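Let's take a walk through this one together. Have the viewer open and follow along as we go.

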Amino acid sequence: MQTFIENLPKAELHLHIEGTFEPELMFEIAQRNEIDLPFEDVEALRKAYDFSRLQDFLDIYYQGMNVLREEQDFYDLTWAYLTRIHKQNVLHTEIFFDPQGHTDRGIPFETALNGIYNALQDGQKQLGISFGVIMCFLRHLDEDAAMATLEQALAHKDKIIGVGLDSSEMGHPPEKFTNVFARAKAEGFHIVAHAGEEGPPEYVRQALDVLHVERIDHGNRALEDEALTQRIVESGMALTVCPLSNLKLCVVDDLKNHPIKKMLKAGLKATINSDDPAYFGGYMNENFGQLAEAVGLTRDEIATLARNGFEATFLPKDQQQALVAKLDAYLATA
């Protein structure tokens, strides 16, 4: 089964580029920028990647982000991610980045975006990985700050395909950002949002009714509401599920109790993603592999999850179909 997963063509739709910051690269960039990290070495930093809740993770996530200063830093971060996923047969990725986490530190919006985007372009040319960039608003900040960030993004609509909502979920419902998402939608951006990871099913409902999302990031807790679950099934909307993230942040207490089979049985269009793989213990193959072993996924279920990933992209239909054809060709011979 592991070989089947390793060679399986995949798309990744829930990936925070800042969450791919491996300790070795963090130390390398920190030294280049003459920034002291509060850790003695790489191993001490890796040991700090032990979380009991979302906020514990976010604290160290933002601390690590602080070493990113120059366009080359963002390029190197993104390129490191691309070379990893290329080896894991990821053919398409739609990545999140958090501009407010950088502009609030005095880093120009363009510095972060251009470094990320240039690496993604090189990844498409050299590695054959197609891509999209989704800019996320930090939900622990206010809507005015999000609107200011959206204003900055308008000059870069050629590089950014969508907007999302991430960071601390509890106490920051989707409706807090009603106006900025309405503006983003009017400007032609695709709309996604984290909902139902720690937050209640009501947050998922608000993401649908208030923000008008096209995909739900996480969405686990939607299963607690049968009517809501059925509504999502009937809409055909995808959930970008992140198994190792769910385990690391204690959304599930054991991967054996992950609801992925329940999602598939209900007819939900679940996809598998790595979220913040440097912090959560694995990229796409690790998420597929460990989940498959823990809950006993069949080959057909794994294939369905991969197919859902391609069908849930924001690519034009012909490009979606071309990727699905590659998956079908693999399944015919695997």
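**Starting in the sheet**

In strand 2, Leu15 has Ile95 as its bridge partner. Bear in mind that what you're looking at is a predicted model.

Next, look at helix 5, which covers residues 71–87. Which parts of helix 5 are buried? The buried residues are Asp73, Phe74, Tyr75, Asp76, Leu77, Thr78, Tyr81, Leu82 and Ile85. As for their surroundings, the buried residues of helix 5 pack against strand 1 (10–16) and strand 2 (90–97), and also against helix 2 (23–32), helix 6 (100–103) and helix 7 (109–127). Just past the end of helix 5, Asn89 adopts a positive phi of about 60°.

On to the aromatics. Rings count as a pair if their centres lie within 6.5 Å, and by that rule there are 11 aromatic pairs. Take Phe57 and Tyr61: their ring centres are 5.1 Å apart and their planes are at 50°, so this pair is tilted. The label follows because planes under 30 degrees apart would count as stacked and over 60 as edge-to-face. Why might these two residues meet in the first place? Phe57 and Tyr61 are four residues apart in helix 4 (residues 54–65), which puts about one helical turn between them. An α-helix has 3.6 residues a turn, so residues three or four places apart point the same way. Is each of them buried or exposed? Phe57 counts as buried at 3% relative accessibility, and Tyr61 is buried with a relative accessible area of 3%.

Phe57 has another ring partner. The centres of the Phe57 and Phe280 rings are 4.8 Å apart with planes at 55°, so that pair is tilted as well. Here the chain has to come back from far away: Phe57 is in helix 4 and Phe280 in helix 14 (residues 277–280), 223 residues apart. Phe280, like Phe57, is buried. Both belong to one aromatic cluster, made up of Tyr49, Phe57, Tyr61, Tyr62, Tyr279 and Phe280.

Two other rings have a charge over the face. Lys159 lies over Tyr117, at 5.7 Å from the ring centre, while Arg215 lies over Phe314, at 4.1 Å from the ring centre.

Finally, go to the start of the chain. Met1 is in the segment before helix 1 (2–7), and it is partly exposed, with a relative accessible area of 47%. Leaving out residues up to four places away in sequence, Met1 touches Leu297, Thr298, Arg299 and Ile302. Met1 and Gly64, by contrast, are 63 residues apart in sequence and 35 Å apart in space, C-alpha to C-alpha.

Notes. Residues are numbered from 1 along each chain as its sequence is written. This is a predicted model: local features need pLDDT of at least 70, side-chain atom pairs count only at pLDDT 80 or more; totals for chains, interfaces and linings use all residues. Side-chain values use heavy atoms; hydrogens and water are left out. Rings of Phe, Tyr and Trp (its six-membered ring) pair if their centres lie within 6.5 Å; planes under 30 degrees apart count as stacked, over 60 as edge-to-face and the rest as tilted. Helices (H or I, at least four residues) and strands (E, at least two) are DSSP runs, numbered from the N terminus. Buried means under 20% relative accessible area, exposed over 50%, partly exposed in between (1.4 Å probe, protein chains only). A charge sits over a ring if NZ of Lys or CZ of Arg is within 6 Å of the ring centre and within 35 degrees of the ring normal. The expected span of a helix is 1.5 Å times one less than its number of residues. Contact means heavy atoms within 4.5 Å. Two strands pair if DSSP finds at least two bridges between them.
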